[in-house]
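Welcome! Here is a short tour for anyone meeting this structure for the first time. Take a look at it, and then read on.

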Amino acid sequence: MRAGDVLAPLEIPVTRTLVVAGAVASRDYQDVHHDAEAARAKGSPDVFMNILTTNGLVGRYVTDRFGPRAVLRKVAIRLGAPNYPGDTMTLTGTVAEVTDGPDGTVTALVRVAGANGLGHHVTGTVTVEVPR
């Protein structure tokens, strides 16, 4: 792995089940993540994905690409356009920095973005450590 390496994209279909299951799994019971009528009453066209689900998907994206021994050290993300059911989010990433550790590990800073039909849903960085 080298700075400048581009990670293969990952397309994630945003289904109603993914949105609701992600909210329930992360114990986020805000009605806008599982009740379409409540979401519409609050100005949203439908339920939308919560940040914890997005965070988990970003982590999955990086660990899937760096292998089962990868350890996430830091995930720093910012949300943008909502993820609504029926859309697709495409995650992309680029290795920004690589550092050799004294203990036989390599640490990489990966810039990640996730876009959907409305624009950028998520942007941020992930610090991942892998054995050499």
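## A hairpin to start with

Which residue takes a positive phi in the hairpin of E3 and E4? That residue is Gly104, with a phi near 85 degrees, and the hairpin has four residues between the strands. Helices (H or I, at least four residues) and strands (E, at least two) are DSSP runs, numbered from the N terminus.

This is a predicted model, where local features need pLDDT of at least 70 and side-chain atom pairs count only at pLDDT 80 or more, while totals for chains, interfaces and linings use all residues. Residues are numbered from 1 along each chain as its sequence is written, and side-chain values use heavy atoms, leaving out hydrogens and water.

## Strands side by side

E3 runs antiparallel to E4, joined by ten bridges, and antiparallel to E1, joined by seven. (Two strands pair if DSSP finds at least two bridges between them.) Leu91 of E3 has Leu10 opposite, and Leu91 also stands opposite Gly114 in E4.

In H3, the buried residues (under 20% relative accessible area, with a 1.4 Å probe and protein chains only) include Leu57, Val58, Val62 and Phe66. Just after H3, Gly67 takes a positive phi of about 100 degrees.

Conventions: Buried < 20%, exposed > 50% of the residue type's maximum accessible area, 1.4 Å probe, protein only.
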